[in-house]
Every structure is written in structure tokens, then in C-alpha cells.
Amino acid sequence: MPIDAMSQTHENPLTYEEWSCEYPEYSAALLQSARNSADILGLACALIQAEVTAYCGQPRRREGRKYQRWGSNRGSICLDEARVKISVPRVRNQETNKEQPLRTYQHLHKRQGAFLEKLINRLLLGLSQRSYHETAAEAAESFGLSASSVGRRFVAETAKSLEAFMNRRFDDQTFIAISLDGKTLRGRQMILCLGITVTGEKLILGFTESNTENHESVRTLLLDLIQRGFRHIGHLLVLIDGAKGLRKGVQDVFGAHALVQRCQWHKQENVARHIKEESGKKRVKAKMEAAYAQPTYAEAKGALAKVEAELEQESPSAAASLREGMEETLTLHKLGVAEPLRNSLRTTNTIENVNSLLAHGTRNVKRWSNSNQRQRWIAAVCLHAEKRLNRIPYNPQLRALVHRLEHYREPVNRYLETSHHAPLTN
């Protein structure tokens, strides 16, 4: 049934939401751009005219209604990523002698937020292959805005992102793990922290700007998170790449509660750097990977000991690199974490992916004017990247890890060697 015919059955005008429920095929086409632009524009105008008919009845029929048609004005509506000019009908309330707003038109006119979100996605996540200025100019032209106004709105939106990101609290979350890593951005070191909750959710908790990955910057970042409600269960699993500044900052804040899992991939790369031949690098990394794939701590430690013995003959410096921090690369084995959960936590891949998105999302910025600009972009990228992080399934493996971290007493790294706690008894 046509819209105009259906609208006659309504004594009272409908809201846009009611129209969407009444005519789902039209609202779906408008929201999802399922048809070409001409069809969508026709449907949008039909919806507006249907609301006018709901108020005023059929044209040239006097039915004693309190609303009447009152000419038209020039206006515009948002369709997909463009603002399209249309002629907007007007309706007058004869009792109050005032214009009656059309909710359908207001909704379609104010869909600018969807455009701005898409624009920010393009600029931050690199969905457009063009430069920043070209993308902003293209969007401004299609939307009937000046490039400068788009720029100002973008600055305002990213400023909101920065404020929201730096001030959000974590009182309703409990964490089992964090991952720390540094990213060099135009000569400045940005240290990011990602957290994993007891239910497997991944959140980008915060970042700090520094010259290097020094422990004071890490300590400041972690203390700020604690002030914003960060809390963990009995022991906290800490995933890092082995940088000394990160390690010391974690130790300063969490002490014996931190169970460090050194990234196994970084360890393999560090050892391979001491071997000249490419074939030798591949062989050593393959043997280390096979060792880390062993199901138990004893088996993994024994396999790594064999690799170490072989390296002593071939490259003593590579053997020394393997020995350094080797116990901390086996923390998950000591905790009894099995595959596939161990594979998710044995490297810093998750936060490395965030760093990749950060580099990709800021590649169009040719010049960083100040620290505020840099932090605005990073906060906006982090909030967008967080939506793309895969959640760890809340399964028996994860629940077992949570229980183990709550009750663990056995020392698992060199900072806990003086602990007098007895091992957990099953």
C-alpha cells in the first residue's frame, strides 16, 4: 500500500521511529543505503510527505483538521555521506498559528553525526588511500561544509576523545593481565598499556609520552591507572617484550604481585640476531618455537636447555641471550596454561596490533605541531582500535587461569626468588 494511502488511517501524526516500524523497507533503505542514491532520495521525500499527509490529510480536502499545508522552504537531508538539497514542505498549526516541525525531516537533516563518525574513521584508521587534506576537502565538498569547518570539528571531536580516554574509570572491571609496549611516533616515545579482564575483554587502558621507555614514565602511567580504579586479582600477569624500563616500572608499582611473561617471539628474534647465517637464524627460531610449544614447564625448559647447549658451541653470545630472562618466557607454562589460551598470551601481538593501527592511522599527518595534537590523535585511534580487539573466550581455560592467579604462591621469576610462600596445593 502506498505511503500516502496508509497515512490516512492515522488520526495522529507518527514519530520517525514509528514510521520506521510502520515502513521497515523504507527506513532500511535509508539507513543502509541498500538502493541507489536516486531511489533513497525519493524514499526520503516520500516519508516526509507522508508525515505531512498524516497532519493535514489529502491535498485540497477540508476535513476540519487543525493543521494545514503552508508552502515550503529550501532545506537539506543527509543520505549516506552526502548532504542533498531538497524542498521541505511546511505545516502550520491553525490553533497556535505556529509552524509544526516535521520529525522525519529533522531526523534526516541531523544525520551529520554519522558522517562525522565515518570521516574520523577514514582519517584515523586509514580507510581512505588519499592524504588527510584531500579526504577532508572531499568530505567537506560533498557535505556542503568548508574544509576549515571540517578541520575544526575534527579537532573538537578528537579533543573529546582524548578527554574521555584519559578520564574513563575502571571501577567495574577486574583485570588478570596487562600488556605494555612503546611506539616511537615522530621522535617521541608513546608507551601504551592494554588490559585483559577476568571475562576476557581487552581494553586499551592508557598511554604516556616520553623520550624513552624509562621506568619513571611507566610507573607514572600505572599509578594513574590505579587512581582511575584499576584493580587486579591476587597476581597480575604482565606481558612485555623484555625492555628493562618496562620491567622496572612494573616492579616498582606491583612488586611481587606481577608475574611477568616475556614475549616469546621477541626472545626468538633477540637470540637470532647473534647468528650470522640466515639458515642458522631460521633453524634456531624453529627449535625455540618447538620448545615453547611443549605442553609442560619441564618439557619446555628441557628443550630450551638443549638449544642453549647447541648455541654455546655455535655462538656463545646467542646462548647468553637465550639464558637472559628465559624463565620469564615460561611463566605461562608454570601457571599451567594450555593451548589455545597460551598462544593468545605468550606474545605481545595484541598490543603490537594496536601499535600498527596507530602507525597506520597517523600516517597522513605530515607535521606534528605539539604534544596535544599527538595525544588527541592517539586517543582517538585507541578508542577506535579497541572496538576491533578480539575478546578471549570465557571458557574453562580462562576460568582456570583466573583461579590460578588468585591463589598462586610459587615464585615464577627472579624478583620472587626470596618469597617464602608455599606452593599451591591442589
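**View 1. The largest nonpolar core of this predicted model, with Ile176 and Leu345 as the members that touch the most others.** This core holds 39 residues, and its largest share, six residues, is supplied by helix 18, which spans residues 371-386. In soluble globular proteins, nonpolar side chains tend to be buried together.

**View 2. The surroundings of Leu345.** When residues up to four places away in sequence are left out, Leu345 touches Ile196, Leu237, Leu239, Gln261, Leu332, Ile392 and Leu401.

**View 3. The buried face of helix 14 (residues 316-323).** The residues of helix 14 that are buried are Ala318, Ala319, Ser321 and Leu322. Because these buried residues fall within an arc of 160 degrees when helix 14 is seen down its axis, they line one face of the helix. After helix 14 comes Gly325, which has a positive phi, near 70 degrees.

**View 4. Two buried cysteines, Cys56 and Cys382.** Cys56 counts as buried because its relative accessibility is 5%, which is under the cut-off of 20%, and Cys382, with a relative accessibility of 1%, counts as buried by that cut-off as well. A disulfide is a covalent bond between the sulfur atoms of two cysteines. In this model the count of disulfides comes to zero.

Terms used:
Residues numbered from 1 in each chain as written. Predicted model: local features only at pLDDT ≥ 70, side-chain atom pairs only at ≥ 80, totals over all residues. Heavy atoms only, no water. Core = buried A, V, L, I, M, F, W, Y, C linked by side-chain atoms within 4.5 Å. Buried < 20%, exposed > 50% of the residue type's maximum accessible area, 1.4 Å probe, protein only. Helix = DSSP H or I, 4+ residues; strand = E, 2+ residues; numbered from the N terminus. Contact = heavy atoms within 4.5 Å. Disulfide = S-S within 2.5 Å. Arc of directions from axis to C-beta.
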